[in-house]
Amino acid sequence: MSEGVERNTRAIEGTVVTDFEDRMSYGGYLDLETLLSAQRPLSDPEHHDELLFIVQHQTTELWLKLVLHELSAACRLLREDQLAPALKCIARVKHIQKTLTEQWSVLATLTPAEYAQFRSVLGNASGFQSAQYRAVEFTLGNKNAAMLRVFEADRAAHEMLRTALEAPSLYDEFLRMLARSGYPIPASVLERDVTTAWTYAPELVPVLVEIYADPRTHWAAYETCEELVDLEDNFQLWRFRHLKTVERIIGLKTGTGGSSGAPFLRRALELTFFPELYTVRTEL
């Protein structure tokens with residue numbers, strides 16, 4: 001028996017570092033002591049499923065941090081007319097979006113009865129108050145200055161959102177790059193107030209029709225348009241999975257943050273980032 005156990009054990013190679021008294025370790029580099037101590041359930045006695053709820057939302061915030069990092073870089077690269085590396089950033093965001101969407105299936109294992117046993121400890125805490133999520137929406141063009149009021153008690157979050165509100169969106173930067181490349185982007189689009197939510201611009205559609213009608217000639221612009229459509233599709237899938245997970249766990253109860261809950265989330269499905277990129281499909 002002992003011989004069999006030994007065969008099923010992988011020996012540590014002699015070159016593997018095992019002394020970390022004065023070396024950088026995996027846990028030290030990632031600051032795991034801080035990271036893994038940040039899950040502090042408030043239910044008393046502690047409910048088994050509250051850890052799931054906390055980890056689900058904390059990991060979402062970590063991914064959102066990376067999404068913002070990549071979208072910020074993509075905007076900067078588009079301003080610098082560096083399309084290829086900007087598309088690399090967008091491609092990474094698309095993979096993160098898929099991970100974020102699939103995460104809802106983990107939270108969906110939480111039953112209504114289980115959630116009800118610790119929901120009260122959340123108080124008014126709600127995902128509605130995620131500053132990073134709002135910053136992502138702002139960066140993609142769904143801006144709403146009224147949202148800043150939610151973050152007045154958090155100076156850093158408020159400043160981050162104000163910066164995102166006042167900056168051109170990813171779509172703005174792409175269209176400005178097209179204009180610099182010689183495409184006849186209307187002045188009304190280039191000179192719009194970037195602190196407001198993007199609204200449908202019919203005067204932009206003919207430019208996009210030209211691009212889509214001849215992809216070979218306009219490949220760089222065409223590819224980027226399709227990448228943006230991917231971003232929007234993925235975002236809508238995330239919103240839908242969020243809605244269905246909420247309906248599954250709390251039904252039509254109001255949200256902890258004061259929203260109507262599922263009906264409020266359902267209305268978000270009507271929002272769009274790049275409406276002209278869908279209109280062009282009808283026009284072709």
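User: Where is Pro45 found?

Analyst: In this predicted model, Pro45 is found in the loop between helix H3 (32–35) and helix H4 (50–79); helices here are DSSP runs of H or I with at least four residues, strands are runs of E with at least two, and both are numbered from the N terminus. Residues are numbered from 1 along each chain as its sequence is written.

User: And what joins Asp44 and Pro45?

Analyst: Asp44 and Pro45 are joined by a cis peptide bond, with omega at about 0°. For background, most peptide bonds are trans, and most residues other than glycine have a negative phi.

User: What about Asp81, what is its phi?

Analyst: Asp81 has a positive phi of about 60° although it is not a glycine, and it is found in the loop between H4 and helix H5 (83–107). With a relative accessible area of 42%, Asp81 is partly exposed.

User: Which side chain does Asp81 meet in a salt bridge?

Analyst: The side chain of Arg180 meets that of Asp81 at 2.8 Å, N to O, a salt bridge being a side-chain nitrogen of Lys or Arg within 4 Å of a carboxyl oxygen of Asp or Glu. This pair links distant parts of the chain, since Arg180 is in helix H9 and Asp81 is in the loop between H4 and H5, 99 residues apart. Arg180 counts as partly exposed at 45% relative accessibility.

User: Is Glu173 buried or exposed, and what does it pair with?

Analyst: Glu173 is buried, with a relative accessible area of 2%. Its side chain meets that of Arg79 in a salt bridge of 2.9 Å, N to O, and this pair also links distant parts of the chain: Arg79 is in helix H4 and Glu173 in helix H9 (residues 170–180), 94 residues apart. Arg79, in turn, is partly exposed, with a relative accessible area of 45%.

User: How many salt bridges does the structure hold?

Analyst: The structure holds 13 salt bridges, and Lys94, Glu227 and Asp230 are linked in a network of them.

User: Switching topic, how do H12 and H14 pack?

Analyst: Helix H12 (residues 219–250) and helix H14 (residues 276–283) pack at an angle of about 115°, with their axes 10 Å apart; the axes are lines fitted to C-alpha atoms over the stretch in contact, and angles run from 0 to 180 degrees between N-to-C directions. H12 and H14 are therefore roughly perpendicular to each other, because angles of 65 to 115 degrees count as such, under 35 as roughly parallel, over 145 as roughly antiparallel and the rest as oblique.

User: How many helices and strands are in the chain?

Analyst: The chain has 14 helices and zero strands, and of its 284 residues 41% count as buried.

Note on methods: Predicted model: local features only at pLDDT ≥ 70, side-chain atom pairs only at ≥ 80, totals over all residues. Heavy atoms only, no water. Buried < 20%, exposed > 50% of the residue type's maximum accessible area, 1.4 Å probe, protein only.
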